[in-house]
Amino acid sequence: MKKLAIIFTLAGLVSMTACKKYLDEQPQNAVSREDYWTTEADAINAVNNCYRRLGDVDNRIFLSCATDDSYSWSDWPSDVRLVGNGSASIGTGMFANFWSNFYKMIASCNDVLDNIDRDKALSDSLNKRLKGEARFIRAYAYQQLIGLYGDVPLRTTIPPVSDFAAKRTPRAEVAQFLVAELDTIAKYLPVTYDANNAGRATKGAALALKARVLLYEGRYTEAAAAAKEVMDLNAYAIDNNYVSLFNGTNKNSQEIIFSARYVKNTLPNAMATWVGGPSLGGWSQVVPLQSLVDAYECTDGKTIDKSGLYDAAHPYDNRDPRLKMTVVVPGVVVNGITIDVSNTKSLDALSKNNASLTGFYYKKYVPADIQGNWDSNSYNDVVLLRFAEVLLTYAEAKIEANQIDASVYDAINRVRQRPGVVMPVITAADFPGQTALRDAVRRERHVEFPMEDNRLFDIRRWKIAETVMSGPVYGILNNFDQTRQDYGKHVLVEQRSFNAGRDYLWPVPQSETSLNPNVLPNNGGW
(Lines give C-alpha, C1' and ligand atoms only; values in the text may rest on other atoms or scores of the structure.)
Protein backbone atom coordinates (compact mmCIF):
# COMPACT_ATOMS: atom_id res chain seq x y z
CA MET A 1 0.00 0.00 0.00
CA LYS A 2 1.27 3.49 -0.83
CA LYS A 3 1.75 5.95 1.97
CA LEU A 4 -1.41 7.77 2.96
CA ALA A 5 -0.23 11.25 1.99
CA ILE A 6 0.57 10.04 -1.51
CA ILE A 7 -2.82 8.43 -1.96
CA PHE A 8 -4.48 11.76 -1.19
CA THR A 9 -3.53 12.84 -4.68
CA LEU A 10 -5.82 10.19 -6.11
CA ALA A 11 -8.85 12.28 -5.20
CA GLY A 12 -10.06 12.01 -8.78
CA LEU A 13 -11.05 8.41 -8.13
CA VAL A 14 -13.97 9.81 -6.18
CA SER A 15 -14.37 13.17 -7.88
CA MET A 16 -16.87 15.73 -6.71
CA THR A 17 -19.54 17.17 -9.01
CA ALA A 18 -19.73 20.96 -8.84
CA CYS A 19 -23.05 22.40 -7.66
CA LYS A 20 -24.35 25.60 -6.19
CA LYS A 21 -25.22 24.11 -2.82
CA TYR A 22 -22.63 22.87 -0.38
CA LEU A 23 -24.41 19.62 0.49
CA ASP A 24 -24.62 18.42 -3.10
CA GLU A 25 -21.16 16.92 -3.17
CA GLN A 26 -21.83 13.28 -3.99
CA PRO A 27 -19.65 11.59 -6.63
CA GLN A 28 -21.74 11.14 -9.76
CA ASN A 29 -19.83 11.07 -13.01
CA ALA A 30 -16.15 10.14 -12.61
CA VAL A 31 -16.78 6.52 -11.73
CA SER A 32 -20.07 4.65 -12.09
CA ARG A 33 -21.63 4.17 -8.66
CA GLU A 34 -22.60 0.66 -9.73
CA ASP A 35 -19.00 -0.22 -10.58
CA TYR A 36 -17.44 1.38 -7.53
CA TRP A 37 -17.38 -0.08 -3.99
CA THR A 38 -16.38 -3.54 -5.14
CA THR A 39 -12.76 -3.83 -3.96
CA GLU A 40 -10.75 -3.10 -0.85
CA ALA A 41 -8.86 -0.43 -2.82
CA ASP A 42 -12.14 1.31 -3.68
CA ALA A 43 -13.00 1.77 -0.03
CA ILE A 44 -9.49 2.85 1.01
CA ASN A 45 -9.25 5.40 -1.79
CA ALA A 46 -12.67 6.82 -0.96
CA VAL A 47 -11.63 7.31 2.67
CA ASN A 48 -8.32 8.81 1.57
CA ASN A 49 -10.34 11.37 -0.37
CA CYS A 50 -11.86 12.52 2.93
CA TYR A 51 -8.44 13.58 4.20
CA ARG A 52 -7.57 15.88 1.32
CA ARG A 53 -9.21 19.04 2.70
CA LEU A 54 -7.64 18.90 6.15
CA GLY A 55 -4.62 21.06 5.40
CA ASP A 56 -4.19 24.51 3.94
CA VAL A 57 -6.82 24.12 1.22
CA ASP A 58 -8.48 27.41 2.17
CA ASN A 59 -5.33 28.98 3.57
CA ARG A 60 -5.77 27.69 7.07
CA ILE A 61 -2.44 29.19 8.11
CA PHE A 62 -4.03 32.64 7.75
CA LEU A 63 -6.43 32.02 10.66
CA SER A 64 -3.80 33.39 13.03
CA CYS A 65 -4.31 36.81 11.43
CA ALA A 66 -7.85 36.86 12.85
CA THR A 67 -6.26 36.97 16.33
CA ASP A 68 -3.97 39.26 18.30
CA ASP A 69 -0.98 37.15 17.23
CA SER A 70 -0.61 37.96 13.53
CA TYR A 71 -1.25 40.30 10.64
CA SER A 72 -1.73 39.83 6.90
CA TRP A 73 -1.08 42.76 4.58
CA SER A 74 -2.83 41.36 1.49
CA ASP A 75 -6.39 40.30 0.73
CA TRP A 76 -5.12 37.51 -1.53
CA PRO A 77 -5.23 34.56 -1.25
CA SER A 78 -7.18 35.22 1.95
CA ASP A 79 -9.09 38.34 2.97
CA VAL A 80 -8.51 37.54 6.66
CA ARG A 81 -7.24 41.11 7.12
CA LEU A 82 -10.87 42.26 7.10
CA VAL A 83 -11.78 39.69 9.73
CA GLY A 84 -8.85 40.70 11.90
CA ASN A 85 -9.53 44.44 11.83
CA GLY A 86 -13.31 44.18 12.25
CA SER A 87 -14.35 45.45 8.81
CA ALA A 88 -15.64 42.13 7.42
CA SER A 89 -19.14 41.67 5.99
CA ILE A 90 -21.23 38.58 5.32
CA GLY A 91 -19.76 38.63 1.81
CA THR A 92 -16.16 38.35 3.04
CA GLY A 93 -14.51 35.46 1.23
CA MET A 94 -12.94 33.83 4.27
CA PHE A 95 -16.35 33.12 5.78
CA ALA A 96 -17.54 31.41 2.61
CA ASN A 97 -14.29 29.53 1.99
CA PHE A 98 -14.14 27.85 5.38
CA TRP A 99 -17.86 27.03 5.38
CA SER A 100 -17.62 25.50 1.91
CA ASN A 101 -14.42 23.58 2.62
CA PHE A 102 -15.73 21.95 5.78
CA TYR A 103 -19.02 20.95 4.22
CA LYS A 104 -17.23 19.47 1.23
CA MET A 105 -15.16 17.49 3.72
CA ILE A 106 -18.32 16.36 5.48
CA ALA A 107 -19.94 15.39 2.18
CA SER A 108 -16.96 13.21 1.26
CA CYS A 109 -17.24 11.45 4.60
CA ASN A 110 -21.00 11.02 4.34
CA ASP A 111 -20.62 9.51 0.88
CA VAL A 112 -18.24 6.91 2.33
CA LEU A 113 -20.55 6.13 5.23
CA ASP A 114 -23.59 5.85 2.94
CA ASN A 115 -21.88 3.38 0.60
CA ILE A 116 -19.07 1.47 2.28
CA ASP A 117 -21.27 -1.40 3.44
CA ARG A 118 -21.89 -2.22 -0.23
CA ASP A 119 -18.24 -3.19 -0.50
CA LYS A 120 -18.20 -6.93 0.28
CA ALA A 121 -14.44 -7.18 -0.24
CA LEU A 122 -13.80 -5.64 3.18
CA SER A 123 -13.21 -7.56 6.36
CA ASP A 124 -15.35 -6.53 9.31
CA SER A 125 -12.36 -4.99 11.10
CA LEU A 126 -11.26 -2.94 8.06
CA ASN A 127 -14.85 -1.84 7.46
CA LYS A 128 -15.11 -0.53 11.03
CA ARG A 129 -11.72 1.15 10.91
CA LEU A 130 -12.41 2.94 7.64
CA LYS A 131 -15.79 4.08 8.93
CA GLY A 132 -14.03 5.31 12.04
CA GLU A 133 -11.60 7.36 9.96
CA ALA A 134 -14.40 8.96 7.94
CA ARG A 135 -16.43 9.67 11.07
CA PHE A 136 -13.40 11.24 12.75
CA ILE A 137 -12.73 13.59 9.84
CA ARG A 138 -16.40 14.54 9.76
CA ALA A 139 -16.27 15.20 13.51
CA TYR A 140 -13.20 17.39 13.07
CA ALA A 141 -15.02 19.45 10.43
CA TYR A 142 -18.03 19.92 12.69
CA GLN A 143 -15.84 20.87 15.66
CA GLN A 144 -14.36 23.65 13.57
CA LEU A 145 -17.74 24.74 12.20
CA ILE A 146 -19.48 25.14 15.55
CA GLY A 147 -16.50 27.00 16.94
CA LEU A 148 -16.55 29.45 14.04
CA TYR A 149 -20.25 29.76 13.22
CA GLY A 150 -22.19 28.45 16.24
CA ASP A 151 -25.36 26.69 15.10
CA VAL A 152 -24.81 24.86 11.80
CA PRO A 153 -26.69 22.28 9.69
CA LEU A 154 -25.90 18.77 10.95
CA ARG A 155 -25.92 16.20 8.18
CA THR A 156 -24.84 12.59 8.65
CA THR A 157 -25.92 11.30 5.21
CA ILE A 158 -26.02 12.65 1.66
CA PRO A 159 -29.58 14.01 1.45
CA PRO A 160 -31.90 13.68 -1.53
CA VAL A 161 -31.94 16.64 -3.90
CA SER A 162 -35.33 17.69 -2.49
CA ASP A 163 -33.83 18.15 0.97
CA PHE A 164 -30.79 20.36 0.46
CA ALA A 165 -32.25 23.37 2.29
CA ALA A 166 -31.05 22.23 5.71
CA LYS A 167 -31.83 24.11 8.88
CA ARG A 168 -29.20 24.94 11.47
CA THR A 169 -28.80 22.60 14.42
CA PRO A 170 -28.08 24.15 17.85
CA ARG A 171 -24.39 24.16 18.69
CA ALA A 172 -24.87 22.20 21.92
CA GLU A 173 -26.72 19.45 20.03
CA VAL A 174 -23.94 19.19 17.45
CA ALA A 175 -21.35 19.07 20.23
CA GLN A 176 -23.19 16.26 21.98
CA PHE A 177 -23.35 14.35 18.70
CA LEU A 178 -19.57 14.77 18.34
CA VAL A 179 -18.86 13.51 21.86
CA ALA A 180 -20.94 10.38 21.26
CA GLU A 181 -19.36 9.86 17.82
CA LEU A 182 -15.83 10.15 19.07
CA ASP A 183 -16.52 7.83 21.98
CA THR A 184 -17.77 5.21 19.56
CA ILE A 185 -15.10 5.45 16.89
CA ALA A 186 -12.29 5.40 19.47
CA LYS A 187 -13.20 1.73 19.90
CA TYR A 188 -12.53 0.96 16.24
CA LEU A 189 -9.40 3.02 15.59
CA PRO A 190 -5.94 1.64 16.43
CA VAL A 191 -3.53 3.40 18.74
CA THR A 192 -0.82 3.28 16.06
CA TYR A 193 -0.35 2.26 12.41
CA ASP A 194 2.53 0.84 10.44
CA ALA A 195 4.72 3.21 8.43
CA ASN A 196 2.68 2.79 5.25
CA ASN A 197 -0.41 4.14 6.97
CA ALA A 198 1.17 6.94 8.97
CA GLY A 199 -1.12 9.94 9.22
CA ARG A 200 -4.42 8.13 9.57
CA ALA A 201 -6.81 8.93 12.39
CA THR A 202 -6.06 7.00 15.57
CA LYS A 203 -7.75 6.21 18.85
CA GLY A 204 -5.70 8.97 20.47
CA ALA A 205 -6.84 11.48 17.84
CA ALA A 206 -10.50 10.65 18.50
CA LEU A 207 -10.09 11.05 22.26
CA ALA A 208 -8.02 14.24 21.89
CA LEU A 209 -10.67 15.78 19.65
CA LYS A 210 -13.33 14.73 22.15
CA ALA A 211 -11.37 16.49 24.92
CA ARG A 212 -11.16 19.65 22.79
CA VAL A 213 -14.89 19.65 22.06
CA LEU A 214 -15.73 19.23 25.75
CA LEU A 215 -13.29 21.96 26.82
CA TYR A 216 -14.60 24.42 24.25
CA GLU A 217 -18.18 23.67 25.38
CA GLY A 218 -17.30 24.32 29.02
CA ARG A 219 -17.89 20.73 30.11
CA TYR A 220 -14.77 20.73 32.22
CA THR A 221 -14.99 17.55 34.28
CA GLU A 222 -15.68 15.53 31.15
CA ALA A 223 -12.92 17.33 29.24
CA ALA A 224 -10.35 16.47 31.90
CA ALA A 225 -11.44 12.84 31.85
CA ALA A 226 -11.17 12.65 28.05
CA ALA A 227 -7.70 14.24 28.10
CA LYS A 228 -6.65 11.78 30.80
CA GLU A 229 -7.71 8.91 28.52
CA VAL A 230 -5.22 10.16 25.92
CA MET A 231 -2.50 10.56 28.53
CA ASP A 232 -3.13 7.03 29.80
CA LEU A 233 -2.57 5.55 26.35
CA ASN A 234 1.16 6.16 26.92
CA ALA A 235 1.48 6.59 23.17
CA TYR A 236 2.54 10.25 23.13
CA ALA A 237 5.32 12.39 24.57
CA ILE A 238 6.56 15.96 24.50
CA ASP A 239 9.19 16.19 21.78
CA ASN A 240 12.70 17.40 22.51
CA ASN A 241 12.71 19.71 19.49
CA TYR A 242 9.86 22.25 19.26
CA VAL A 243 10.89 23.75 15.91
CA SER A 244 11.09 20.35 14.21
CA LEU A 245 7.39 19.72 14.75
CA PHE A 246 6.55 22.37 12.18
CA ASN A 247 9.44 22.61 9.70
CA GLY A 248 8.95 19.21 8.06
CA THR A 249 11.87 17.39 9.65
CA ASN A 250 9.94 15.47 12.32
CA LYS A 251 6.65 14.43 10.75
CA ASN A 252 6.31 11.26 12.84
CA SER A 253 7.05 12.81 16.21
CA GLN A 254 5.42 11.16 19.23
CA GLU A 255 3.98 14.56 20.10
CA ILE A 256 1.96 14.90 16.90
CA ILE A 257 -1.39 13.18 17.32
CA PHE A 258 -2.93 14.22 14.00
CA SER A 259 -1.81 16.39 11.09
CA ALA A 260 -2.58 17.21 7.49
CA ARG A 261 0.29 15.60 5.63
CA TYR A 262 2.20 16.73 2.56
CA VAL A 263 4.78 15.01 0.36
CA LYS A 264 7.66 16.55 -1.57
CA ASN A 265 6.90 16.90 -5.30
CA THR A 266 3.75 14.75 -5.01
CA LEU A 267 1.61 16.86 -2.70
CA PRO A 268 3.33 20.15 -1.77
CA ASN A 269 1.96 23.41 -0.38
CA ALA A 270 2.75 27.15 -0.36
CA MET A 271 3.64 27.46 3.32
CA ALA A 272 7.07 29.01 2.75
CA THR A 273 5.54 31.71 0.59
CA TRP A 274 2.92 32.75 3.13
CA VAL A 275 5.17 32.59 6.21
CA GLY A 276 8.69 33.24 4.96
CA GLY A 277 10.29 36.62 4.36
CA PRO A 278 12.15 37.83 1.27
CA SER A 279 15.48 36.24 2.25
CA LEU A 280 13.67 32.90 2.24
CA GLY A 281 11.79 33.59 -0.99
CA GLY A 282 8.52 34.35 0.80
CA TRP A 283 5.94 37.12 0.70
CA SER A 284 5.63 37.80 4.46
CA GLN A 285 1.86 37.46 4.36
CA VAL A 286 1.47 36.00 7.86
CA VAL A 287 3.66 37.90 10.31
CA PRO A 288 3.72 38.24 14.12
CA LEU A 289 2.56 41.27 16.08
CA GLN A 290 4.19 42.91 19.08
CA SER A 291 1.39 41.57 21.29
CA LEU A 292 2.56 38.01 20.64
CA VAL A 293 6.18 38.90 21.33
CA ASP A 294 5.16 40.53 24.62
CA ALA A 295 3.31 37.39 25.75
CA TYR A 296 6.52 35.40 26.28
CA GLU A 297 7.82 35.42 29.85
CA CYS A 298 11.37 36.11 30.92
CA THR A 299 13.51 33.16 31.89
CA ASP A 300 12.65 33.68 35.57
CA GLY A 301 9.05 32.73 34.76
CA LYS A 302 7.70 36.26 35.19
CA THR A 303 5.97 38.42 32.62
CA ILE A 304 7.94 41.30 31.11
CA ASP A 305 6.09 43.87 33.22
CA LYS A 306 7.13 42.10 36.45
CA SER A 307 10.53 40.59 35.73
CA GLY A 308 13.77 42.23 36.73
CA LEU A 309 15.40 40.43 33.82
CA TYR A 310 13.49 42.40 31.21
CA ASP A 311 15.61 45.06 29.53
CA ALA A 312 13.75 47.38 27.17
CA ALA A 313 17.04 48.12 25.39
CA HIS A 314 17.49 44.40 24.71
CA PRO A 315 13.90 43.16 24.74
CA TYR A 316 14.56 39.72 23.24
CA ASP A 317 17.21 38.64 25.73
CA ASN A 318 16.44 36.54 28.80
CA ARG A 319 13.13 35.42 27.34
CA ASP A 320 11.27 32.13 27.08
CA PRO A 321 13.25 30.22 24.40
CA ARG A 322 10.02 29.61 22.51
CA LEU A 323 10.04 33.27 21.50
CA LYS A 324 13.02 32.83 19.16
CA MET A 325 11.79 29.37 18.16
CA THR A 326 8.52 30.92 16.99
CA VAL A 327 9.27 34.52 16.00
CA VAL A 328 12.14 35.85 13.94
CA VAL A 329 13.40 38.82 15.96
CA PRO A 330 16.46 40.70 14.65
CA GLY A 331 19.40 38.35 14.34
CA VAL A 332 17.57 35.02 14.44
CA VAL A 333 18.93 32.41 12.04
CA VAL A 334 16.48 30.47 9.85
CA ASN A 335 17.77 27.73 7.57
CA GLY A 336 21.28 29.11 7.87
CA ILE A 337 20.22 32.67 6.96
CA THR A 338 20.50 35.48 9.51
CA ILE A 339 17.40 37.65 9.27
CA ASP A 340 17.79 41.16 10.66
CA VAL A 341 15.08 43.70 9.97
CA SER A 342 17.16 46.34 11.75
CA ASN A 343 19.67 46.21 8.88
CA THR A 344 18.11 48.75 6.53
CA LYS A 345 20.06 47.33 3.58
CA SER A 346 18.65 43.84 4.10
CA LEU A 347 16.01 42.32 1.86
CA ASP A 348 13.96 41.83 5.02
CA ALA A 349 14.03 45.46 6.17
CA LEU A 350 10.88 47.46 6.79
CA SER A 351 9.25 48.87 3.62
CA LYS A 352 11.22 46.58 1.32
CA ASN A 353 9.35 44.59 -1.32
CA ASN A 354 7.45 41.67 0.26
CA ALA A 355 9.03 42.43 3.65
CA SER A 356 7.14 42.23 6.93
CA LEU A 357 5.09 45.31 7.80
CA THR A 358 5.41 44.49 11.51
CA GLY A 359 9.18 44.03 11.57
CA PHE A 360 8.81 40.45 12.75
CA TYR A 361 8.67 37.17 10.86
CA TYR A 362 7.65 33.67 11.85
CA LYS A 363 10.22 30.95 12.22
CA LYS A 364 7.55 28.45 13.15
CA TYR A 365 6.17 26.72 10.06
CA VAL A 366 9.01 27.86 7.80
CA PRO A 367 10.01 24.57 6.14
CA ALA A 368 13.60 23.45 6.51
CA ASP A 369 13.68 22.52 2.82
CA ILE A 370 12.25 25.14 0.45
CA GLN A 371 12.08 24.24 -3.23
CA GLY A 372 9.90 24.84 -6.24
CA ASN A 373 7.47 27.57 -7.26
CA TRP A 374 5.59 29.80 -4.82
CA ASP A 375 2.57 27.46 -4.67
CA SER A 376 4.55 24.23 -4.34
CA ASN A 377 7.67 25.11 -2.38
CA SER A 378 6.90 23.35 0.91
CA TYR A 379 5.93 19.94 2.19
CA ASN A 380 5.89 20.44 5.94
CA ASP A 381 2.70 19.19 7.56
CA VAL A 382 -0.04 21.25 9.21
CA VAL A 383 -0.32 20.07 12.82
CA LEU A 384 -3.95 19.76 13.92
CA LEU A 385 -3.69 17.96 17.28
CA ARG A 386 -0.66 17.37 19.46
CA PHE A 387 0.09 16.08 22.92
CA ALA A 388 0.96 19.50 24.36
CA GLU A 389 -2.65 20.54 23.73
CA VAL A 390 -3.95 17.45 25.52
CA LEU A 391 -1.84 18.25 28.58
CA LEU A 392 -2.95 21.88 28.69
CA THR A 393 -6.57 20.86 28.06
CA TYR A 394 -6.34 18.55 31.06
CA ALA A 395 -4.84 21.31 33.20
CA GLU A 396 -7.31 24.00 32.14
CA ALA A 397 -10.31 21.73 32.56
CA LYS A 398 -9.22 20.72 36.06
CA ILE A 399 -8.61 24.36 36.97
CA GLU A 400 -12.01 25.50 35.71
CA ALA A 401 -13.71 22.63 37.53
CA ASN A 402 -11.76 23.71 40.64
CA GLN A 403 -10.31 20.23 40.96
CA ILE A 404 -6.77 21.47 41.46
CA ASP A 405 -4.18 18.91 42.51
CA ALA A 406 -0.59 18.00 41.76
CA SER A 407 -1.54 16.55 38.38
CA VAL A 408 -2.52 20.02 37.16
CA TYR A 409 0.90 21.48 37.89
CA ASP A 410 2.56 18.41 36.40
CA ALA A 411 0.63 18.71 33.13
CA ILE A 412 1.59 22.36 32.65
CA ASN A 413 5.19 21.73 33.60
CA ARG A 414 5.57 18.86 31.14
CA VAL A 415 5.02 21.45 28.42
CA ARG A 416 7.23 24.11 30.05
CA GLN A 417 10.04 21.66 30.67
CA ARG A 418 10.46 20.57 27.07
CA PRO A 419 14.20 20.08 26.41
CA GLY A 420 15.39 23.21 24.68
CA VAL A 421 12.71 25.27 26.42
CA VAL A 422 12.98 24.48 30.15
CA MET A 423 11.08 27.34 31.72
CA PRO A 424 10.72 27.52 35.54
CA VAL A 425 8.13 25.11 36.86
CA ILE A 426 4.70 26.28 37.96
CA THR A 427 4.34 25.56 41.69
CA ALA A 428 1.54 25.74 44.22
CA ALA A 429 3.56 28.26 46.18
CA ASP A 430 3.71 30.72 43.27
CA PHE A 431 0.33 29.87 41.74
CA PRO A 432 -1.78 28.84 44.73
CA GLY A 433 -5.34 28.98 43.48
CA GLN A 434 -7.79 28.94 40.61
CA THR A 435 -7.33 32.55 39.50
CA ALA A 436 -3.53 32.44 39.40
CA LEU A 437 -3.50 29.05 37.69
CA ARG A 438 -6.09 30.18 35.15
CA ASP A 439 -3.81 33.04 34.13
CA ALA A 440 -0.83 30.66 33.96
CA VAL A 441 -2.47 28.05 31.74
CA ARG A 442 -3.95 30.69 29.44
CA ARG A 443 -0.55 32.31 28.96
CA GLU A 444 0.97 28.90 28.36
CA ARG A 445 -1.54 28.16 25.63
CA HIS A 446 -0.83 31.55 24.07
CA VAL A 447 2.92 31.03 23.71
CA GLU A 448 2.78 27.30 22.93
CA PHE A 449 0.28 27.38 20.05
CA PRO A 450 0.82 30.38 17.72
CA MET A 451 -0.28 29.57 14.15
CA GLU A 452 -2.15 26.41 15.23
CA ASP A 453 -5.69 27.94 15.31
CA ASN A 454 -6.05 27.45 19.08
CA ARG A 455 -5.74 31.18 19.78
CA LEU A 456 -8.76 32.04 17.63
CA PHE A 457 -11.00 29.69 19.61
CA ASP A 458 -9.38 30.55 22.94
CA ILE A 459 -9.99 34.30 22.82
CA ARG A 460 -13.60 33.60 21.89
CA ARG A 461 -14.41 31.08 24.59
CA TRP A 462 -12.57 33.10 27.24
CA LYS A 463 -14.54 36.19 26.13
CA ILE A 464 -11.42 38.35 25.91
CA ALA A 465 -11.55 39.12 22.21
CA GLU A 466 -13.07 42.57 22.65
CA THR A 467 -10.07 43.42 24.84
CA VAL A 468 -7.22 41.89 22.81
CA MET A 469 -8.66 42.63 19.35
CA SER A 470 -9.59 46.31 19.74
CA GLY A 471 -7.46 49.40 19.28
CA PRO A 472 -4.16 50.14 17.55
CA VAL A 473 -1.99 47.18 16.56
CA TYR A 474 1.77 47.51 16.73
CA GLY A 475 4.90 45.90 15.41
CA ILE A 476 8.57 46.24 16.28
CA LEU A 477 10.15 49.24 18.01
CA ASN A 478 11.82 51.20 15.23
CA ASN A 479 15.06 52.29 16.84
CA PHE A 480 17.11 51.62 13.70
CA ASP A 481 15.65 53.48 10.70
CA GLN A 482 15.75 57.25 11.09
CA THR A 483 14.26 57.81 7.64
CA ARG A 484 10.84 56.63 8.81
CA GLN A 485 8.35 58.88 10.58
CA ASP A 486 7.89 56.25 13.28
CA TYR A 487 11.54 56.33 14.35
CA GLY A 488 11.71 55.90 18.13
CA LYS A 489 8.23 54.38 18.23
CA HIS A 490 6.63 51.01 17.68
CA VAL A 491 5.49 50.56 14.10
CA LEU A 492 1.74 51.22 13.85
CA VAL A 493 0.32 48.39 11.75
CA GLU A 494 -3.41 49.09 11.72
CA GLN A 495 -6.40 50.09 13.82
CA ARG A 496 -8.67 47.24 14.80
CA SER A 497 -12.16 47.01 16.24
CA PHE A 498 -14.15 44.14 17.68
CA ASN A 499 -17.93 44.26 18.06
CA ALA A 500 -18.73 42.00 21.02
CA GLY A 501 -22.35 41.81 19.91
CA ARG A 502 -21.35 40.45 16.51
CA ASP A 503 -17.81 39.21 16.10
CA TYR A 504 -17.71 36.28 18.51
CA LEU A 505 -19.26 34.22 15.74
CA TRP A 506 -18.68 34.35 12.02
CA PRO A 507 -21.83 34.82 9.94
CA VAL A 508 -23.36 32.16 7.75
CA PRO A 509 -21.87 33.42 4.46
CA GLN A 510 -23.96 35.38 2.01
CA SER A 511 -23.32 32.80 -0.68
CA GLU A 512 -25.16 30.27 1.49
CA THR A 513 -28.02 32.42 2.78
CA SER A 514 -28.94 33.46 -0.76
CA LEU A 515 -29.43 29.80 -1.69
CA ASN A 516 -30.79 28.41 1.55
CA PRO A 517 -33.12 30.70 3.54
CA ASN A 518 -33.51 27.97 6.16
CA VAL A 519 -30.12 28.92 7.66
CA LEU A 520 -31.55 32.31 8.63
CA PRO A 521 -31.75 34.22 10.90
CA ASN A 522 -28.04 34.87 10.75
CA ASN A 523 -25.81 35.26 13.77
CA GLY A 524 -26.41 38.42 15.77
CA GLY A 525 -25.15 41.67 14.27
CA TRP A 526 -24.69 40.23 10.80
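Q: What makes Phe62 and Trp274 count as buried or exposed?
A: The cut-offs decide: buried means under 20% relative accessible area, exposed over 50% and partly exposed in between, with a 1.4 Å probe and protein chains only. Both Phe62 and Trp274 are buried. A word on the source: this is a predicted model, where local features need pLDDT of at least 70 and side-chain atom pairs pLDDT 80 or more, while totals for chains, interfaces and linings use all residues. Residues are numbered from 1 along each chain as its sequence is written, and side-chain values use heavy atoms, leaving out hydrogens and water.

Q: How many aromatic pairs are there by the ring rule?
A: Rings of Phe, Tyr and Trp (its six-membered ring) pair if their centres lie within 6.5 Å; planes under 30 degrees apart are stacked, over 60 edge-to-face and the rest tilted. That rule gives 24 aromatic pairs.

Q: Why is the pair of Phe62 and Trp274 called edge-to-face?
A: The centres of Phe62 and Trp274 are 5.6 Å apart, with 65° between the planes, and edge-to-face asks for over 60 degrees with centres within 6.5 Å. Phe62 lies in the loop between helix H2 (40-51) and strand S1 (70-71) and Trp274 in helix H9 (residues 271-275), so the pair ties together parts 212 residues apart in sequence. Helices (H or I, at least four residues) and strands (E, at least two) are DSSP runs, numbered from the N terminus.

Q: What makes Arg502 a charge over the face of Trp526?
A: The rule wants NZ of Lys or CZ of Arg within 6 Å of the ring centre and within 35 degrees of the ring normal. Arg502 lies over the face of Trp526 at 4.3 Å from the ring centre. Likewise, Lys364 sits over the face of Phe246, at 4.4 Å.

Q: Why are H13 and H14 called roughly parallel?
A: Angles under 35 degrees count as roughly parallel, over 145 as roughly antiparallel, 65 to 115 as roughly perpendicular and the rest as oblique. Helix H13 (residues 406-416) and H14 pack at about 25°, and are therefore roughly parallel.

Q: Why is H4 described as largely enclosed?
A: Of the 23 residues of H4, 17 are buried, so the rest of the structure largely encloses this helix.

How values were computed: Axes are lines fitted to C-alpha atoms, for helices over the stretch in contact, and angles run from 0 to 180 degrees between N-to-C directions.
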